[in-house]
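Good morning, everyone. Please have the sequence and the model open side by side. I'll take you through a few spots and then step back.

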Amino acid sequence: MLDKIGIAKRIAKEVKDGYYVNLGIGIPTLVANYVKDGINVEFQSENGVLGMGPFPFEGQEDADIINAGKQTITTLPGASFFDSVTSFGMIRGQHVDLTILGAMEVSECGDIANWKIPSKMVKGMGGAMDLVASAENIIVAMMHTNRAGKSKLLKKCSLPLTGVACVKKIVTNLAVIEITNEGFKLLERAPGVSVQDIIEATEGVLIVNENTPEMVL
């Protein structure tokens, strides 16, 4: 089973040389720490940063340099800063190759709910709706089940949707799963996790092939 860092490490393997990548709040922000050496990638944050690096070491933080989640970040040589209009123009213009988001729920057809729980106060959905409406490649980083042990990979989302039929792949603490026309397709299982564990933790339709490989981080 993976922890949050393990999920980020596995998603980092999906980042290709030359990609422009948007990192959502939560687990996705960790991905920048684990991209392999030799891969050139531009990480973008919708608050107006292009060229984010790993998180700073303790004592080296600059409170003026933050991501969309208000976390202090580092920047790489050549990084640029701009207003939110320019940032969202980049997103809406489909200049981002990969978007990595967290989620509360994902449905078997690729719907995502990641911004609101009814009756709980929120400031707004931020840039999530723009990201899911514009991105062609969305990977979700999330826990497979909630704290009560109930599946978050569902037949149909119960929470307000952020986007419809937009998610391409999900990496959880249990598995790597692809969204297909037939439902969730199991690609890899986390270390120490059995296929049966994943089946029991998934409410939606799960397509399982024989000899599902264990993921390599």
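Start at Gln-94, in the loop between α2 (84-92) and β5. Helices (H or I, at least four residues) and strands (E, at least two) are DSSP runs, numbered from the N terminus. A word on the source: this is a predicted model, where local features need pLDDT of at least 70, side-chain atom pairs count only at pLDDT 80 or more, and totals for chains, interfaces and linings use all residues. Residues are numbered from 1 along each chain as its sequence is written, and side-chain values use heavy atoms, with hydrogens and water left out.

Back to Gln-94. The cut-offs are under 20% relative accessible area for buried, over 50% for exposed, and partly exposed in between, with a 1.4 Å probe and protein chains only.

What does Gln-94 touch, not counting residues up to four places away in sequence? Ser-134 and Glu-136. Contact here means heavy atoms within 4.5 Å. Gln-94 and Ser-134 are 40 residues apart in sequence, yet their C-alpha atoms are 5.8 Å apart in space. The side chain of Gln-94 also reaches the backbone oxygen of Ser-134, at 3.1 Å.

Next stop, Asn-114. Find Asn-114 in the loop between β7 and α3 (128-134). With 18% relative accessibility, Asn-114 counts as buried. Its side chain makes a polar contact with the side chain of Thr-162, at 2.7 Å. A polar contact is a pair of N or O atoms within 3.5 Å; within protein, one must be able to donate a hydrogen and the other to accept it, and residues adjacent in sequence count only if both atoms are side-chain atoms. The side chain of Asn-114 also reaches the backbone oxygen of Gly-102, at 3.1 Å. Leaving aside neighbours within four places in sequence, the contacts of Asn-114 include Leu-101, Met-104 and Ala-128.

Now the strands. Strands of a sheet pair through backbone hydrogen bonds, either parallel or antiparallel. In this talk, two strands pair if DSSP finds at least two bridges between them.

Take β1 (residues 20-23). It pairs with β2 (residues 42-45) in the parallel sense, over three bridges. Tyr-20 stands opposite Glu-42 in β2, and Val-21 has Phe-43 as its bridge partner there. β1 also pairs with β5 (residues 98-102), again parallel and over three bridges. In that pair, Leu-23 stands opposite Ile-100.

Which way does β2 run against β3 (residues 49-52), parallel or antiparallel? Antiparallel, over two bridges. Gln-44 has Leu-50 as its bridge partner in β3. The hairpin of β2 and β3 has three residues between the strands, and in it Gly-48 takes a positive phi near 110 degrees.

Another sheet is open, with three strands in the order β7-β6-β9 and mixed pairing. Its edge strands are β7 (112-113) and β9 (153-154), and each pairs on one side only. β6 (residues 105-107) runs antiparallel to β7, joined by two bridges. Glu-105 stands opposite Ala-113 in β7.

On to helix α1 (residues 4-12). Its buried residues are Gly-6, Ile-7, Ala-8, Arg-10, Ile-11 and Ala-12. Their cover includes β5, β8 (138-141), β10 (169-171), β11 (175-180) and β12 (183-189). At the start of α1, a side-chain oxygen of Asp-3 comes to within 3.2 Å of the backbone nitrogen of Ile-5.

What about the core? In soluble globular proteins, nonpolar side chains tend to be buried together. A nonpolar core is a set of buried Ala, Val, Leu, Ile, Met, Phe, Trp, Tyr and Cys residues joined through side-chain atoms within 4.5 Å. The largest one here has 56 residues, and Val-106, Val-140, Val-167 and Ile-170 have the most contacts inside it. Look at Val-167: leaving aside neighbours within four places in sequence, its contacts include Val-106, Ile-112, Ile-138 and Ile-179.

Finally, the whole protein. How many helices and strands does the protein have? Four helices and 13 strands. Buried residues make up 47% of the 217 residues. Among contacts between residues at least 6 apart in sequence, 61% join residues at least 24 apart. The C-alpha atoms fill a box of roughly 45 × 40 × 30 Å, taken along the principal axes. That's the tour.
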